[in-house]
Amino acid sequence: MSNSNNVELKEGSAGLPPCQVACPIHQEVREYLRLIACGDFDRSLEAIKRANPISAVCGTICAHHCEDECRRQNVDEPLSIRGLKRAAVEFGKADFPAGVEIDPEKKVAVIGSGPAGLIAAFDLALQGCAVTVFEREKYLGGAPRNFIPLYRLPDETVEQDIENLKNIGVEFKTEVEFGTDCDVESLKKEGFKAILIAVGLTASRGLPIPGADHKDILLALDFLRAAKRDNFRLDGREVVVIGGGNVAMDVARSAVRCGAAKVKLACLESAEEMPAFPWEIEEAQEEGVAMNPSWGPKAVKIENDKIVGLELKECSAVFDDAGRFNPCYNEDTLTTLSGDTVIFAIGQASDLDAVGKAGVPVDGGRLGGFNPETMQTPAEGVFACGEIAIGPTTAVKAMANGKIAALAVQNYLEGKSFHTAMVVEDEPLPELAADVAEKVKKIDRHVIPMLSPTERADNFKPVEKGYTMAMAVWESMRCLGCAAGAERVVEKCADCLTCLRTCPYNVPVVSAEGDLMIRDHQCQACGLCLTVCPNLAIEFRTPYIAEAEEKLEPAVKNLVAAKNGEPSVVVLACGLGAYALPEFNEGFVANKPANVEVVKFPCISKIDTTHMLKVFELGADSVIVAGCAESDGNTCPFQKTLYWANQRVSRVKGILEDVGIDAARLELLNFTPEEVADFGKAIGESLAKMKELGQR
């Protein structure tokens, strides 16, 4: 058999799911999505908290770089990973992992409570360091807490994460400014062995254009802080925002909420080049912000000491041929945006005056002599991380830098050398092959519910409502389970090609040389090949099926021990979708008849003939395999599930008859989500039949 599809003929999974690799802090995305699909929000949150101390914040504002690499986008749309993280936070309960005992001699001061500082404090605390975070502001949380508008990030979301960090022993001191209230020497005298500076970029940039010094010129961060904390108003004003990034969108949308009559935005970049995230631009436009791309500011127009508009010149190119920021203008093409208030939102810079006063070398707007390969400044025992070290970036990328800094500090405290080259980056799996992608079911992404533009434009209420529990479960089921599925045990394989004939996704292939290969890096983790392999030569790379198998014997033993005179019935159920929701778990499972036990599998495609036979062998009287009926709405993500389930059940029925057991004691039933929600009623007729059959 030849390889007519030009697919990659490679066996083995050298790599991690691309979403995990793309996440700057390498969260186990696949794992926490799987647990949500199973309805286990507690364990999902536990998986998130293994690496992320500010999961509530990230679930709300993360730039979700993971979604950019989701292999599902080769099929339809990527998973809504950030929205699902928020769902885990909202519906789950979990503590941080236990750290080692705190060593009071390993005292570390973290300067700044933004994302980079918090994750560094978290990692160091888990390694036994006594960590104190110093924050100059009244509120903890750094730039997200002080500048990101409440409609995107409510205060209580940040507080939730801060409380979690306090619970593992991180100490916080607010309204303490490095360089004024403490410095390097004073902290060392207090016993701090290392200091990590994570103060972020807290100064807004302006432009030296005519009129820029007018009193009605505002800077982005000052305005955002005033809008968030001081109820600053722009009632009736006509506002012009300069800038095309995410901060500019925050400014423009906040101006709308502060009562501005009109808000217009001008930026150098074309509409396609604007650096703001597309969803930020779209939501701003929905709220009435007028976009004016490809225009650069020339002068603030002033008449009678009042701003009357912003004169603009056409920007023909933002970057030069070498990709450097070097705008080109057409000075002959001018226009004016009318307005009485102008807000500059063209970027942030560091404010290092206080850092310099604290005894750390500075060079203009940069840390003097900072070594990004060791994370150290020239001052002994003083490190730096986050935006002050790497420049403007997303919160989660700053967090990644904070994790590296924590490693550097830990090694320093232990007297070991450190270099960033010591941090090994994992490789992602290759792209989903076209011949596989075309076989995967297309399932629409579940849109996160939001307030309508009219509901949100005059207030700072959170725009996103978030997923319901059911929406989160169904959305997480869209995950392809990359690197979770089948791998061939070559020594056992008989090259019978049963897996090739069974797989709905073209994952097993035969090369031109006649060699069978299971491209496990393309596997969709449906489990069908495991259940048909005659030589048991296929295994799962993850323990999902084994975890279910381990529950079979205890379930039957519970029934046998009960001895209530009723025939014992084991329900082998799908564990996803409607079976993962409270209506089934708290409605049926928690109140099921005493003669019934439920064992969930991650889809009935993974229930083998051996599982059914084992239940009978252990002494159960009857077995119900409960799957999902096909429907137009939420549905099983796997192909041919019901076909192969029927095949396996029919085979087991034949075996039962051969050994003298009535085949009617085994049933395969498929239910709609509505029927699963009232499962006791749905299987009532079957239970009645099994009662008539009695005990074996």
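A: Of the 696 residues of the protein, 55% count as buried. The model is predicted. In it the protein has 29 helices and 25 strands. Its C-alpha atoms fill a box of roughly 100 × 60 × 55 Å along the principal axes. Among contacts with a separation of 6 or more, 74% join residues 24 or more positions apart.

Start at Ser80. This residue sits in the loop between α5 and α6. Is Ser80 buried or exposed? Its relative accessibility is 1% and the cut-off for buried is under 20%, so Ser80 counts as buried.

Which residues does Ser80 touch, leaving out those up to four places away in sequence? They are Glu67, Arg445, Ile448, Tyr467 and Glu475. From C-alpha to C-alpha, Ser80 is 13 Å from Thr468, and 388 residues separate the two in sequence.

Two of the residues that touch Ser80 are Glu67 and Arg445. Their side chains form a salt bridge, with N and O 3.3 Å apart. Glu67 belongs to helix α5 (residues 65–68) and Arg445 to the loop between α17 (434–437) and α18 (453–456), so the bridge ties together parts 378 residues apart in sequence. The general rule is simple. Side chains of opposite charge can pair when their charged atoms come close.

How accessible are the two partners? Glu67 has a relative accessible area of 6%, which means it is buried. Arg445 reaches 24%, so this residue counts as partly exposed.

Arg86 is at 15% relative accessibility, so it counts as buried. Glu90 is at 40% and counts as partly exposed.

α6 also packs on another helix. Two packed helices are described by the angle between their axes and the distance between the axes. For helix α2 (residues 29–37) and α6, the angle is about 60° and the axes are 10 Å apart. The two are therefore oblique to each other. α2 passes α6 in a left-handed crossing. Which residues make the contact? From α2 come Val29, Tyr32, Leu33 and Ile36. From α6 come Ile81, Leu84, Lys85 and Ala88. By class, that contact has 7 nonpolar, no polar and 1 charged residues.

The axes of helix α7 (residues 115–126) and helix α16 (residues 395–413) come within 7 Å and cross at roughly 40°. That makes α7 oblique to α16. The crossing of α7 past α16 is right-handed. On the α7 side, the contact uses Pro115, Ala116, Ile119, Ala120, Asp123 and Leu124. On the α16 side, it uses Ala395, Ala398, Met399, Gly402, Lys403, Ala406, Val409 and Gln410. Sorted by class, the α7 and α16 contact has 10 nonpolar, 2 polar and 2 charged residues.

Back to charge. How many salt bridges does the protein have? The count is 42. One of them pairs Asp340 with Arg237, with the closest N and O atoms 3.9 Å apart. This pair links distant parts of the chain, 103 residues apart. Asp340 lies in the loop between β12 (325–338) and β13 (341–344). Arg237 lies in the loop between α11 (220–229) and β7 (238–242). Asp340 has a relative accessible area of 26% and is partly exposed. Arg237, at 29%, is partly exposed too.

Some charged residues join in a network. Arg152, Asp250, Arg253, Arg257, Glu280, Glu283, Glu286, Glu287 and Arg456 are linked by salt bridges.

Note on methods. Residues numbered from 1 in each chain as written. Predicted model: local features only at pLDDT ≥ 70, side-chain atom pairs only at ≥ 80, totals over all residues. Heavy atoms only, no water. Axes fitted to C-alpha atoms, helices over the stretch in contact; angles between N-to-C directions. Helix = DSSP H or I, 4+ residues; strand = E, 2+ residues; numbered from the N terminus. Parallel < 35°, antiparallel > 145°, perpendicular 65-115°, else oblique. Left-handed = near helix turned anticlockwise from the far one by under 90°. Contact = heavy atoms within 4.5 Å. Nonpolar A, V, L, I, M, F, W, Y, C, P; charged D, E, K, R; others polar. Salt bridge = Lys/Arg side-chain N within 4 Å of Asp/Glu carboxyl O. Buried < 20%, exposed > 50% of the residue type's maximum accessible area, 1.4 Å probe, protein only.
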